[in-house]
Amino acid sequence: MKHLLIASLTVMMLVFSGCSQKSPQVDTTTTTQTTSSADSKMDSVSGVDSTAIDSTESTAEKVAKLIAEIEKNAQNIYFDFDKYNIREDMQQALAANAALFKKAEAVNLSIKVEGNCDEWGTDEYNYALGLKRAKSVKDALIAEGVPSDRIMVVSYGESNPVCSESNKDCWAKNRRAEFKLLP
Amino acid sequence: MKRFFLLFFLIANLFAADATVEIIKRMEKLPTIGLLDSTNHSVDNDFKSRFFKMLVGDLKVSTHFNVIDSYYKDEGGSPNSYFFGQNPDLILKYSLEESFSSEIIARVKLIQANSGETRFEKSYKVSQKERYPFLAHRIIVELNDSLGHPSISWMERFIIFSKYTNPKESEIVIGDYTLTFTKTIIKGGLNIFPKWADNEQEGFYYSDYNQRFPTIYYVNLSSGKKEKIIHSEGMMIVSDVSKDSKKLLLTMAPKDQPDVFLYDVSTRKVEQVTRYGGIDVGATFVDDESGIVFVSDRLGYPNIFTQKIGTQAVTQMVYHGKNNNSVTSYDRYMVYSSREKASEFGAGTFNLYLISTKTDFIRQLTATGKNLFPRFSNDGESILFIKEFGSQSALGIIRLGANKSYHFPLKAGHIQSIDW
């Protein structure tokens with residue numbers, strides 16, 4: 001599977017065998033204790049198999065072009081800190097996106113709304129916040145007449161920043177919903 | 001002074017039923033230990049130095065010793081003669097050997113300094129040089145056991161973590177607790193929230209975000225085999241695993257709505273635990289796994305709540321802070337991270353707090369910076385967490401019994417989540 005690395009297929013050497021007692025540096029004299037191996041945990045680590053996962057990649061060039069064009073024209077929807085409601089100033093962008101998605105040539109495409117967060121949230125809560133942002137956008141698109149069965153949502157939490165500087169403008173750019181079109 | 005100790009004793013007894021206070025009573029005199037390296041010239045000095053530092057670090061992190069951190073090379077003569085004026089109670093004398101196949105052998109001997117009596121003596125080996133942290137951890141764990149101190153066997157456990165490498169890209173890595181030894185297990189795309197599947201660390205779950213739907217996989221660490229467990233729209237995370245490894249607490253959103261679900265590993269049956277129109281995430285088992293604590297925004301901001309599985313009534317657990325967004329539990333104790341108001345340390349400070357579910361006692365565990373994603377050790381004695389410094393992140397360990405904190409920086413990447 002392409003997303004997984006076969007990190008190491010070689011099972012590491014078993015090392016429970018005894019060791020010689022010839023070193024004079026520590027006067028261990030005639031100890032009869034067995035040498036303790038610290039390898040036991042590491043030796044049980046193997047690689048991860050590469051079972052194939054079905055590819056969902058489209059092969060139709062025409063559809064790919066259409067998708068690229070719509071994605072280029074779709075506008076990101078931005079959010080306030082720690083909020084997932086659609087701001088007033090984002091309504092116009094949302095309506096424009098809805099019109100784009102409702103075009104006759106696009107009606108067979110699915111819309112994936114990706115919710116994203118800034119770096120100030122943490123862990124699961126941040127992923128949930130991103131999801132609620134994506135869900136708010138989905139509900140708004142439905143209200144604009146886009147069929148609900150065309151829209152799916154996913155959250156990428158803080159994992160997908162477009163800006164990595166540490167300032168307010170940058171964080172505001174990262175608190176956003178993006179759109180990906182799927183055949 | 002006597003009055004102080006009497007007052008201290010009375011106060012300590014007043015709260016004796018609560019471990020958040022009990023720990024203070026353990027402030028007894030610790031044995032002082034010094035290290036003496038008897039390794040000959042066949043081993044390079046850089047490795048000798050790294051190994052010495054690892055032993056010293058382990059001894060310090062155990063919090064059971066006062067450690068003399070000066071390096072002494074054994075040139076012959078009495079071990080005591082090297083520690084003039086430092087008065088160690090114990091001397092750990094050790095030597096290293098390296099074979100042609102890069103195997104490392106360590107011979108250790110723990111000497112009672114005043115009598116010269118040997119308290120502990122053993123040989124250890126590790127098959128690859130790069131694994132030396134585990135060799136050092138094993139030595140200190142067994143040395144500690146031999147003296148009858150509380151176990152520090154957690155030092156030998158693997159840490160599993162995900163680290164961001166690029167937007168929408170992360171790797172899942174295992175390592176020792178100091179992150180000196182690390183090994184990437186899963187790479188390519190966004191793979192996050194790894195969680196050990198069993199106490200023996202034979203396998204782990206993780207969330208794969210590279211397909212149409214976020215999907216949970218189980219990976220057996222020794223065979224490398226992976227198995228698809230469950231998927232969901234929106235988000236899909238294993239938040240906790242029951243003690244017998246048979247039940248999972250999941251955060252998933254089959255109807256675009258993040259809620260907590262209970263998953264039975266053998267029957268694959270899914271039961272919805274929370275039902276709320278906002279955010280419910282990050283659940284962990286409490287009360288012999290009859291209930292959960294979790295993070296919810298049902299008051300308009302993230303906070304910690306508890307709920308009995310099978311009922312819908314929730315109880316607010318934390319009345320401090322306005323942004324408590326991550327929680328871990330052990331027995332009747334909880335540690336949560338809380339985003340502080342703007343302070344002299346700047347906005348965006350997250351601190352960790354320990355509370356008992358039976359009292360209103362709160363103990364602040366960290367003071368500055370971003371301290372996130374707390375996780376109890378399996379013996380409840382330590383807290384593992386993510387410490388962030390600007391663009392760098394580190395693994396933090398708080399030894400609750402000694403009220404001490406240690407940080408181990410990650411060389412590259414940004415830690416997303418951890419488990420041990």
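A salt bridge here is a side-chain nitrogen of Lys or Arg within 4 Å of a carboxyl oxygen of Asp or Glu. By that rule, B:Asp46 pairs with B:Arg50, their closest N and O atoms being 3.2 Å apart. This is a predicted model, so local features need pLDDT of at least 70 and side-chain atom pairs count only at pLDDT 80 or more, while totals for chains, interfaces and linings use all residues. Residues are numbered from 1 along each chain as its sequence is written, chains are lettered from A and ligands numbered from 1 in the order in which they are written, and side-chain values use heavy atoms, leaving out hydrogens and water.

**Chain B overall**
- Chain B has 4 helices and 29 strands, taken as DSSP runs (helices H or I, at least four residues; strands E, at least two) numbered from the N terminus.
- Of its 420 residues, 59% count as buried, meaning under 20% relative accessible area, with exposed over 50% and partly exposed in between (1.4 Å probe, protein chains only).

**Salt bridges in chain B**
- B:Asp46 and B:Arg50 sit 4 residues apart in helix H3 (residues 45–62), so about one helical turn separates them.
- B:Asp419 bridges to B:Lys195, with closest N and O atoms 3.4 Å apart.
- That pair links distant parts of the chain, strand S29 (residues 414–419) and strand S9 (residues 191–196), 224 residues apart.
- Both B:Asp419 and B:Lys195 are buried.

**Across the structure**
- Over all chains, the search finds 22 salt bridges.
- A:Asp80, A:Arg87 and A:Asp89 are linked in a salt-bridge network.
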